Amino acid sequence: MSSKPKKKSSLKIGVIYARYSSHAQKDASIEQQVKEAQEYAESLGIIIKEIYADRAVTGRTDQRPSFQRMMRDAEKGKFQYVIAWKSNRMGRNMLQAMVNESKLQELGVRVLYTEEDFDDTAAGRFALRSMMNVNQFYSENMAEDVRRGMRDNAENCKVTNGHLPFGYKKDEDLHYIIDEPKDAIVREIFSRVACREPFVDIANDLNARGIKTSRGRPWGKNSFHSLLRNERYCGIYIYDGIRIEGGVPRIVSDELFFKVQKVLKMKREVQGRHQPNGDYLLTGKLFCGKCKGHMVGTSGTSKTGDKHFYYMCMKRQQEKTCNKRNIRRDVIEDAVAQAIKDYALQDDIIEWIADSTVAYNKRREEQAQISMLEGELEETKRSIHNIMTAIEQGIITSTTKERLMELEEKQAQLNAQIAAARADIIIVSHEDIIAGLKMYRDGNLESKKYQAALFDTFLVAVYVYDNDLKIIFSFSGKNNTLTLPFDPSMIDDIEDTTDDFVRIDAGKACHTFHCEIIKESPAT
């Protein structure tokens with residue numbers, strides 16, 4: 001740091017650096033700092049070439065994008081002066097500020113401050129260092145106050161930062177409250193994941209409905225991980241080691257939350273059904289009839305050197321607690337695909353699925369009381385219309401405006417309740433369901449792509465027993481289960497010849513035509 005440079009005839013190029021921390025509300029704004037710096041530069045005959053500004057970035061770190069860019073430009077010799085508001089703009093503490101100033105001086109750049117004018121003498125330099133010490137103390141003291149305030153808020157279950165989880169908002173006292181109808185969307189996401197619906201399908205659906213994330217962005221397959229693991233949705237307040245049961249309004253039940261955690265754990269253990277050795281299309285839907293454990297893809301090499309692909313009981317492979325023998329991949333996949341085509345795509349079954357789906361959607365609407373809410377909404381609209389008619393005729397009382405505002409608020413609430421109730425109900429006409437199902441009839445059973453479509457649409461689970469297969473379809477009712485004889489010749493054990501064990505992802509267990517959760521599901 002040096003004193004104000006004497007004006008010279010040569011061209012003097014300078015830049016301005018400004019920083020504003022959102023926590024330091026008494027700091028001058030970026031605009032104020034820049035204005036003062038520009039006036040100061042003009043008084044010294046310095047031409048400002050560029051303005052570097054870091055907004056809402058604390059001075060306690062040097063990881064400031066604009067500051068780092070300024071330092072790189074200084075190395076390139078792009079300017080001779082840096083003008084800042086105060087010395088605490090130049091570093092996270094006194095030592096770092098001195099280091100940064102020293103770096104700039106070595107590059108031939110002089111640092112000037114609009115609010116701290118020191119001579120380039122021993123006394124001036126001493127005064128500058130003293131001011132830096134004061135700035136450092138202020139910064140550290142302010143940080144302690146901020147941390148203390150946040151912990152005080154946490155102990156009273158208050159919001160400690162600006163970003164809130166999806167489904168919550170804060171009241172005037174900074175307490176968490178439900179953000180309707182987003183809380184219904186949270187429950188919908190948990191329910192769909194509990195049914196093992198793929199993240200990408202959920203994201204596509206939410207985006208199609210115009211629903212945004214808590215940060216106002218479109219949903220992606222990676223948008224759900226932190227949401228689904230957030231215990232706040234179970235009513236637990238969490239902050240920096242503080243946990244308070246009941247400190248946050250509950251959105252999901254403990255049962256649903258822990259069921260989702262189990263699904264997420266399974267997703268970590270199995271990693272996608274597409275593998276270099278080929279697709280394992282029944283991944284996540286094929287279960288051992290003996291122990292009810294998952295059967296997962298694996299491969300083995302025979303004595304002749306040929307490679308074969310199998311499904312193996314996971315408990316047998318990992319825990320050695322089941323003696324279920326392996327089953328050839330292509331044989332079981334072909335058999336299940338044929339069974340689906342022979343059974344689920346018959347006219348009477350298709351008609352029954354369509355009838356059941358329409359009836360189920362009607363029951364869901366009745367349970368959600370949508371018709372009652374819509375009736376109440378129409379009545380509210382009529383009341384609003386009557387008041388507006390009275391106002392147009394000049395009939396106005398002291399309570400007219402108040403009543404109108406109450407009705408408009410009620411109308412908004414009813415619209416939100418109806419939207420939330422409909423969000424979990426997929427409306428498909430009887431004709432569309434039949435037409436959609438019949439499209440599957442003409443597929444080629446030898447096509448793995450066609451088999452995958454059949455499994456994703458119609459299949460919830462397949463249990464492999466010693467003498468038969470039990471297939472559970474995604475449509476509900478007494479016709480959702482089919483038992484077929486099982487040919488033991490399908491089994492071909494590979495014992496110790498396995499040369500690589502492939503773990504794969506649980507597939508989608510819920511579908512558009514899925515009417516209700518099957519009692520005997522993969523989780524049982």
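Gln-261 sits in helix α8, which covers residues 254-269; helices here are DSSP runs of H or I with at least four residues, strands are runs of E with at least two, and both are numbered from the N terminus. The model is a predicted one, so local features need pLDDT of at least 70 and side-chain atom pairs count only at pLDDT 80 or more, while totals for chains, interfaces and linings use all residues. Residues are numbered from 1 along each chain as its sequence is written, and side-chain values use heavy atoms, with hydrogens and water left out.

Back to Gln-261: leaving aside residues up to four places away in sequence, Gln-261 touches Leu-228 and Arg-229, where a contact means heavy atoms within 4.5 Å. Leu-228 is 33 residues from Gln-261 in sequence, yet the two C-alpha atoms are 7.7 Å apart in space. How much do far-apart residues contribute across the chain? Among contacts with a separation of 6 or more, 66% are between residues 24 or more positions apart. As for the overall make-up, the chain has 15 helices and 18 strands. Of its 524 residues, 44% count as buried, that is, under 20% relative accessible area, with exposed meaning over 50% and partly exposed in between (1.4 Å probe, protein chains only).

Next up is a pair of helices. The axes of α10 (residues 329-343) and α15 (residues 448-458) come within 10 Å and cross at roughly 60 degrees. Axes are lines fitted to C-alpha atoms, for helices over the stretch in contact, and the angles run from 0 to 180 degrees between N-to-C directions. The two helices are therefore oblique to each other, given that angles under 35 degrees count as roughly parallel, over 145 as roughly antiparallel, 65 to 115 as roughly perpendicular and the rest as oblique. The crossing of α10 and α15 is left-handed, meaning that the near helix is turned anticlockwise from the far one by less than a right angle (clockwise would be right-handed). On the α10 side, the residues making the contact include Asp-330, Val-336 and Ile-340, and on the α15 side they include Lys-448, Leu-454 and Phe-458. Sorted by class, this contact has seven nonpolar, one polar and five charged residues. Here Ala, Val, Leu, Ile, Met, Phe, Trp, Tyr, Cys and Pro count as nonpolar, Asp, Glu, Lys and Arg as charged, and the others, Gly among them, as polar.

What about the cysteines? A disulfide is a pair of cysteine sulfur atoms within 2.5 Å, and by this rule the count comes to zero. Cys-313 is in no disulfide, its nearest cysteine sulfur being that of Cys-291, 3.4 Å away. Cys-313 counts as buried because its relative accessibility is 0%. For Cys-322, the closest cysteine sulfur is in Cys-288 at 3.7 Å, which is too far for a bond. Cys-322 is buried too, with 11% relative accessibility.

Most residues other than glycine have a negative phi, and most peptide bonds are trans. Cys-157, though not a glycine, has a positive phi of about 60 degrees. It lies in the loop between α4 (122-155) and β5 (168-170) and, at 13% relative accessibility, counts as buried. Lys-292 also has a positive phi, near 65 degrees. This lysine is in the loop between β11 (286-288) and β12 (295-301) and is partly exposed at 31% relative accessibility. Glu-180 and Pro-181 are joined by a cis peptide bond, with omega about 0 degrees, and Pro-181 belongs to the loop between β6 (176-178) and α5 (182-194).
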